[in-house]
Amino acid sequence: YNEYKSYLRKRNICESHQIGMPDKEFQSREEDKHDVGPLKDRGCTDIICIIIFIVFLGGMVALAYFAFMLGDPWRLVNGYDSFGNTCGRKNTKLEGIKSEYNGLDMTDKPYLMYFDPTVMLPSSLSSVAQFGTGSVKELTMMICVKECPSQNVVGIFSSETTDKRFATYKELYDKNKVSYCQYKFFEEYYTDTKATELGSKDKNKLFIPESVSSNELSKQYGGSSGPCPPFLFNSTALLGRCIPGFSDLVNLGEELGGKATSGDIATELETKINEVLGTNVTAEQVMKYAMSDVMNSYRETAMMCGASLVISFIMILLLGWVAQVMIYAIALVTALACIAGPAYFWYVWYIAKKDFDAMSIKVPSQEENVQTLMVYAIIVTVICVVVLLLIIFLRSRVGLMVTIFKEAGYMVMRMIVVLFTPILLALFIVAWAGLWTFVSGFIYTADNPKDLEFERAYTEDGYDAKNVTFVIFEDQVYIKYVWLYHLFGLYWVTEFFLACHEMAVAGAFVQFYWTREKSKISFPVLRGIWWVFRYHLGTVAFGSCIIAIIQLIRTILAYIQNKTKDSTSEVVKYLLMCLQCCLWCFEKVMKFINRNAYIYTAFKGSNFCTSCKKVFGLLMSNIVRVGIVNCVGSFILFLGKFLVSLIVACLGYFMMSNDETLYFWAIPVLIACIFAFAVAHTFFSVYEIGIDTILICFCEDETKNDGTPGREYYMSKNLMQWVDNSSEALSNLKKKKAQQKAQAKAAKSSDNVTMEDIN
């Protein structure tokens, strides 16, 4: 046994095989100066950046703590009335607020109703509707109600309709104790005794101001500040708000008149929907039918979503061959177009020239047309000749791209678990987005309450409800800076997760590429993740911070654009658009550089700046290869995603088009197609990182090695055919494999002899 152990030591064989890639496949820092391969003795990179990132996250935690202390997101979820009460909640009196209706218990009133429903429209539509003045939301009463109105009470002009409206309000209160007027109105302000004192005519003053004439009402209606609403709509409870239907808004538009009311907007929108759908149903019916179709077709939708997973997986398997067919098809079509295009232009010029020569009277304009056609023909010919030459001389580069696609597919199939890393990434991003949104609710509501006192336009001096005190919430003076910090955190952490995923996946592909015996590699994905979280979080934080800064600047610029959209200066608008375009291009360039820097860091373990410098030089020395792989490759991947969505759409068409229970079968099919595209993008993102990693490794391998003994290529035989000395390298590879087989055979014979001696 001791002789056997001595034999093993001489052969450098361990008694127990270590799980994972053998360390001899990695390079030490000293070896890395002379050779190529993944770095073995890695160290932490860009430590100062990860420290800054941790401190920044600490700031976000502190900000969230103060937001939790000051904010109340239930005001956003449930809505709040004009007196600062949150609907559906038991409220306490706000500090420093004088309004008598603040601090009421609203647990039995979960719905928010607007006296003027147009305040729920975007500001642009609200201004078009011409309802109210600048502070329409502050001066429009909002109250919490037990249930949303279930009938229409629209008339607002004549005394007769006013009486009818009041009778309806009073009947609802007497019958169901449901009040749609100001709180305690029927209990305190308008009792039966008060109604008797005022008389049937004067009591209308409680609902509509006499100082505003009917003509003025048609332009800007009064009474939206209460104490009772000028009209009621049959409303549906949606997210705790009473939302009137389109048809009711049309009735309001007919009642109020004017050239641009909410009724006109509703009618126009409904008409557009009907034109698109080719039906005569109302918008409300469209929504109901659409939701019904989605619910009734959930089985088919689930089947299509499941099919998208299978189709995407099959596309990954076939992408190498599909890409080859598509690339050569595109090249062939382009070449034919480059031949047919100039031929057609010269033919048109020839016919025009022949007709011109046949004219007895030469018209100058006809002569100019002939000359112009000749110029066009020359330009098209030159362009097409250049494109043809590029196709001819770059065909080898296109072949390299096809081979890289095949290699990426092969590696993905050997590391199948790598396809599930985007799902883990999506879970992290969704969790982070949910947490960020949750904290945003507290920040948004961390404002100061303030009393807003004003007088209603009533002429009855003895009426107690003439003066009203609303409660408004004003932003903190520092809120803009808080939002900038919070928004930058969203960008930075999101890009941080994306960068971690890119580097981890690149690390897995790097290990697979730089291992000569592919069968010995194990757990490359886990090792890639370990490298990122153990050594390179600082590099990831550095690169993601750069992208986050650019995104924040673009957001600020978009905010400025929105504020200056009504500016009369076209120069300002043009400059802002140019800046936005430049920043967009700069962001794309930096994302490209960052991804390749992450790949190089996963490869060599260098810091961010060193990786950028090294990989930039490597890419510039292979600019043609990089351009073809990134441009044509990205287009092929997009076509692959589109093909997955198209197959799912066809599947949905055959499954649902003949289903008579569905009104709009295209809606669930569209949902399934969107899901299919997202799934395909998830799978193909891994494939895209793999392609970029293989390209960089190939370029580095070609630079450091030459295929001679002692400096053999790490690349596969398929890739080896695209290097300059491919024949010599393949010959050396065959010789080396023959030598290895001979050595293995000799070692096996020696093992047998040794075991016999031991026995």
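This is a predicted model: local features need pLDDT of at least 70, side-chain atom pairs count only at pLDDT 80 or more; totals for chains, interfaces and linings use all residues.
**View 1. The two disulfides of the structure.**

**View 2. The disulfide between Cys87 and Cys144.** The sulfur atoms of Cys87 and Cys144 lie 2.0 Å apart and form a disulfide. Because the torsion about this S-S bond is about -80°, the disulfide of Cys87 and Cys144 is left-handed. Cys87 sits in the loop between helix H4 (74-78) and strand S1 (111-114), while Cys144 belongs to strand S2 (residues 142-145), so the bond ties together parts that are 57 residues apart in sequence. Cys87, with a relative accessibility of 0%, counts as buried, and Cys144, at 1%, counts as buried too.

**View 3. The disulfide between Cys148 and Cys242.** Here Cys148 is joined to Cys242, with an S to S distance of 2.1 Å. The torsion about the S-S bond is about -85°, so the disulfide of Cys148 and Cys242 is left-handed. Distant parts of the chain are linked by this pair, since Cys148 is found in the loop between S2 and helix H7 (159-176) and Cys242 in strand S4, 94 residues apart. Both Cys148 and Cys242 are buried.

View 4. Cys49 counts as buried at 14% relative accessibility, and Cys305 counts as buried at 16%.

**View 5. The hairpin of strands S3 and S4.** Strand S3 (residues 235-238) pairs with strand S4 (residues 241-244) in the antiparallel sense, over four bridges, and Ser235 stands opposite Pro244 in S4. Two residues lie between the strands of this hairpin, in which Leu239 takes a positive phi near 55°.

**View 6. The packing of helices H21 and H22.** Helix H21 (residues 570-604) packs against helix H22 (residues 608-620) at an angle of about 105°, and their axes are 8 Å apart. H21 and H22 are therefore roughly perpendicular to each other. Among the residues that make the contact are Phe592, Ile593 and Tyr600 of H21, together with Phe608, Lys614 and Leu619 of H22. Sorted by kind, the residues of the contact of H21 with H22 comprise nine nonpolar, four polar and one charged.

Key: Residues are numbered from 1 along each chain as its sequence is written. Side-chain values use heavy atoms; hydrogens and water are left out. Axes are lines fitted to C-alpha atoms, for helices over the stretch in contact, and angles run from 0 to 180 degrees between N-to-C directions. Angles under 35 degrees count as roughly parallel, over 145 as roughly antiparallel, 65 to 115 as roughly perpendicular and the rest as oblique. Contact means heavy atoms within 4.5 Å. Ala, Val, Leu, Ile, Met, Phe, Trp, Tyr, Cys and Pro count as nonpolar, Asp, Glu, Lys and Arg as charged, and the others, Gly among them, as polar. Two strands pair if DSSP finds at least two bridges between them. A disulfide is a pair of cysteine sulfur atoms within 2.5 Å. Buried means under 20% relative accessible area, exposed over 50%, partly exposed in between (1.4 Å probe, protein chains only).
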